[in-house]
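Dear colleague,

I am handing over the structure that we spoke about, together with some notes on what was found in it. Please open it first and keep it beside the text while you read.

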Amino acid sequence: RASNSNCGPFPELYSVVKGVVKRTKDFGAFVGIEGFTRDGLVHISQLQNERTENVSDIVAEGDQVFVKVISLDDEKIALSMKFVKQSDGTDMDSNNSLFQIDQQKRTIRMDTEEDQK
């Protein structure tokens, strides 16, 4: 675990941690992670495998959730719920292959959208 003097320690990359939804926004949910001072963000695209229209359809403030740390960048913690079994915190993608495929699809989609402009 790396530490940062401004915001305390960070969770380990690709670890599954337990947290509580602190607040929801149109673009995702901020989750407080047990044992860490900094909240992480579960982007709306990382809430579940299916397309999500409204964050509030999936989570609400105060919900306890299991999240996977998918990125630690510039003091930001990116989290995912879609690769974690919410009933018990089982990592459904322990070798991160599904996450990598998901990232490649997102990159291709963004490149295609740029080409169409």
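In which strand does L72 lie? L72 lies in strand β6, where helices (H or I, at least four residues) and strands (E, at least two) are DSSP runs, numbered from the N terminus. Before going further, please note that this is a predicted model, in which local features need pLDDT of at least 70 and side-chain atom pairs count only at pLDDT 80 or more, while totals for chains, interfaces and linings use all residues. Residues are numbered from 1 along each chain as its sequence is written, and side-chain values use heavy atoms, with hydrogens and water left out.

The surface around L72

With a relative accessible area of 37%, L72 is partly exposed; here buried means under 20% relative accessible area, exposed means over 50%, and partly exposed is in between (1.4 Å probe, protein chains only).

Two residues with a positive phi

Most residues other than glycine have a negative phi, and most peptide bonds are trans. Y14, in the loop between β2 (8-9) and β3, has a positive phi of about 70° although it is not a glycine. N96, in the loop between β7 and α1 (97-115), likewise has a positive phi, of about 65°, and is not a glycine. N96 counts as buried at 12% relative accessibility, and, leaving aside residues up to four places away in sequence, N96 touches Y14 and K68, a contact being heavy atoms within 4.5 Å.

Strand β5 and its neighbours

Strand β4 (residues 28-33) runs antiparallel to β5 and is joined to it by five bridges, where two strands pair if DSSP finds at least two bridges between them. The bridge partner of G28 in β5 is H43, and in the hairpin of β4 and β5, which has five residues between the strands, G35 takes a positive phi near 85°. With strand β7 (residues 76-80), β5 pairs in the parallel sense over two bridges, and there the bridge partner of V42 is L79.

The nonpolar core

In soluble globular proteins, nonpolar side chains tend to be buried together. A nonpolar core is a set of buried Ala, Val, Leu, Ile, Met, Phe, Trp, Tyr and Cys residues joined through side-chain atoms within 4.5 Å. Of the 18 residues in the largest such core, V42, L47, V59, V65, V67, L79 and M81 touch the most other members, and the elements that give two or more residues to this core are β3 (16-25), β4, β6 (64-73) and β7. Not counting residues up to four places away in sequence, L79 touches several residues, among them V31, I33, V42, V67 and I70.

Salt bridges

Side chains of opposite charge can pair when their charged atoms come close. If a salt bridge is taken as a side-chain nitrogen of Lys or Arg within 4 Å of a carboxyl oxygen of Asp or Glu, the count comes to five salt bridges. In one of them K22 pairs with D39, the closest N and O atoms being 3.9 Å apart; K22 lies in strand β3 and D39 in strand β5, so the pair ties together parts that are 17 residues apart in sequence. K22 counts as partly exposed at 45% relative accessibility, and D39 is partly exposed too, with a relative accessible area of 25%.

Another salt bridge links D91 to K68, with the closest N and O atoms 3.1 Å apart. D91 lies in the loop between β7 and α1 and K68 in strand β6, so this pair ties together parts that are 23 residues apart in sequence. K68 counts as buried at 1% relative accessibility, whereas D91 is partly exposed, with a relative accessible area of 23%.

With best wishes
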